[in-house]
Amino acid sequence: MKTSKEMNNLQIAELLRSVAAAYELKDADRNKFRIIAYQRAADAIEHASSELKDLWDDAKLDEVPGIGKSIAEHLDELFRTGKSKHFEAVMKGLPPAMFEFMELPGVGAKTGFRLAKELGIKSLADLEKAAKSGKIAKLEGFGEESQSKILTALEESKGKTRRMLLPYAKATAEGVIEWMKQNKSVMEINTLGSLRREAATVGDIDIAVATKKPEEVLGHFTKYPKLTRIIEKGDRTASIIVPSDIQVDLMVQSPEAYGALLQHFTGSKHHNIALREYALKKGLSLSEYGIREARNSKHEIRKFNDEESFYKFLGMEWIPPELREDSGEIESALSQKLPVLVELADIKADLQIHSSFDIETSHDIGASTMEEVIERADSLNYEYIAFTEHNPSKSRHNEKQIIDLLMRKREAVDKLNYSFVKSHCKSVQKVFNSLEIDILPEGGLPVPDEGMDTLDFALVSIHSSFDLPREKMTSRVLKALEHPKVRVFAHPTARKLNEREGVEVDWPKIFDFCLKNDKWLEINADPIRLDLPDTLVKEAVKEGIMLSMGTDAHHKNGLDNMQYGITVARRGWATKDDIVNTRSLKEFEKMIS
DNA sequence: GCCGTTTTCGGCCCGACTGTTTTCAGTCG
């Protein structure tokens, strides 16, 4: 077992899932709900917005929903000593390889155990050998089919596809939807799952169809020209693999019951579980078919053709898919107090853009001229924008040179405001002169005060030393935010999806500072960043901190990415009022003065 | 093992699909 210092949330979640699997083997019936409890705790930890170790440091483990007295005690021991006697006892005697095997789709606790035990093997490589030599098919309860499924799963796990970024998932789904619409029996079609909830990354693509001819629709689906393989095809659902090993699932339902299907497969799983638990208390049982009385299986199912009527029947407002994460939306919907979420049309400005104006920056320079960017912003009906090139590099310039470069940019922006903006734009009225400044490892800024004076306002962000300890990182950021010209903490976690975890800082401390000093947190709309992440946006919004939306565009086309920033804002419960660049130019000017 | 808008005790979401079986277990979402 790894020591506590090495264990991040994902690893702890995996450990708890292994404990759940161990209970499943030992006595699944007696431990039925204990297993669920461990799995729920694992889910909660995986989705937590702060590192469990940090929560433990602050004695806040029990604030994580799903972690109660018992699991908290075991985790405490884990963090203190590097291991948990209880976890080890539960997993004692089980072959470690089984947990590795369980990562293959189709292999759960029991299958994993039997493969490891009965074949006497210790690795995925051994498993592959066993499958290829036909040993698996000979085991009782297994056969040729299960053996070749395991082989396929092994093959696919090698090129393990990472979760897709949202724009890629949208484009892939659009291709399938276009194909499906060619079939006359498709009456309605929607995306489902994390794609419909607009999550930052998407695993599988799920699609719903309303139809009176399920067989025909599923048949059409499994003839999708681009598919590489069909996984399964039943009466109501089918799954295929399309290029890049992306799984696409299709669910069909009659139009009268389409609302329940949409609701069910939009998820999230946790939202649905919470919703069904609530319904059960009112004596109702929910499913993808509709709603019926819980303790009367003969009771006719009430059908819903849309989601609005489904939620209304439960006494709730319709809940926007972005909020369906079981993080308070059910309670809010019951008291008709869901927030009016911000929309793309509310946005009046883009507050992070890099042009090709060369101030000999420390990082990459934009590809489009300031004029090209302004024209694009004008076509998006923005009232104002901010040019936020990176600061001139510190290593290649002395202070005087940095100031000169910034003066040049100031003059260029002033000139644009006097002439180009007035003569060319129908909606853009002003261009702000800003800068995205590196936060140096000690918290200093690589721009002298005389340079700062040329700016209307500044962004600061982390581009180096990503792995400082939490306390050092926190004071580093706070020091940078102190400068009066600095208004925005840009891409605050500095995460890159599928590439780099975010930095560790004391968020409550940062939030508190921002609130007291009127500093804003950016929602960076670049699909690879989407930073602040939605869960932290939700916490910031709750605290009343203002958010600043920017695309971080390095090309005029990049301005179109604002839609992805909006998905994050909405998933974080943000309303128009929480976002600075929904303000008119006049209001915004007041805010930065 | 967790949790509280019927509960600090007694509940805990619901159904589809597959493979290997002759009625079901395992897995998944």
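**Domains, cores and a DNA strand**

Modeller: Gladly! Let us begin with the domains: the C-alpha centres of domain 1 and domain 2 lie 30 Å apart. Please keep in mind that this is a predicted model.

Colleague: Into which domains is chain A divided?

Modeller: The assignment gives domain 1 (9-157), domain 2 (164-253), domain 3 (275-334) and domain 4 (344-592).

Colleague: Next, the inside. Which residues have the most contacts inside the largest nonpolar core?

Modeller: A nonpolar core is a set of buried nonpolar residues joined through their side chains. Here the largest one has 94 residues, and those with the most contacts inside it are Met 180, Leu 250, Ile 374, Ile 385, Phe 489 and Leu 521. Helix α11 (residues 166-181) gives the most to this core, with 7 residues.

Colleague: And why does this core lie between domain 2 and domain 4?

Modeller: Because both domain 2 (164-253) and domain 4 (344-592) give residues to it. Take Met 180 as an example: leaving out residues up to four places away in sequence, Met 180 touches Val 186, Ile 189, Val 217, His 220, Phe 221 and Leu 250. There is also a second, separate core of 51 residues, which includes Leu 15, Leu 61, Leu 78 and Val 107.

Colleague: What about a charged residue? Is Arg 196 buried or exposed?

Modeller: Arg 196 has 15%, so Arg 196 is buried. You will find Arg 196 in helix α12 (residues 193-196). Not counting residues up to four places away in sequence, Arg 196 touches Thr 191, Leu 262, Thr 266, Glu 307, Trp 318, Pro 321 and Arg 324.

Colleague: Now to the DNA. How many residues surround DNA strand B?

Modeller: There are 47, and the closest are Thr 111, Gly 143, Arg 276, Lys 281 and Tyr 289. By class, this surface has 16 nonpolar, 14 polar and 17 charged residues.

Colleague: Which parts of DNA strand B do the atoms within 4 Å of the protein belong to?

Modeller: Of those atoms, 79% belong to sugar or phosphate and the rest to bases. Among the elements that give two or more residues to the surface near DNA strand B are α2 (32-47), α4 (69-81), α10 (144-158) and β5 (229-233).

Conventions:
Residues numbered from 1 in each chain as written. Chains lettered and ligands numbered in written order. Predicted model: local features only at pLDDT ≥ 70, side-chain atom pairs only at ≥ 80, totals over all residues. Heavy atoms only, no water. Near = heavy atom within 4 Å. Helix = DSSP H or I, 4+ residues; strand = E, 2+ residues; numbered from the N terminus. Nonpolar A, V, L, I, M, F, W, Y, C, P; charged D, E, K, R; others polar. Domains from an automatic or database assignment. Core = buried A, V, L, I, M, F, W, Y, C linked by side-chain atoms within 4.5 Å. Buried < 20%, exposed > 50% of the residue type's maximum accessible area, 1.4 Å probe, protein only. Contact = heavy atoms within 4.5 Å.
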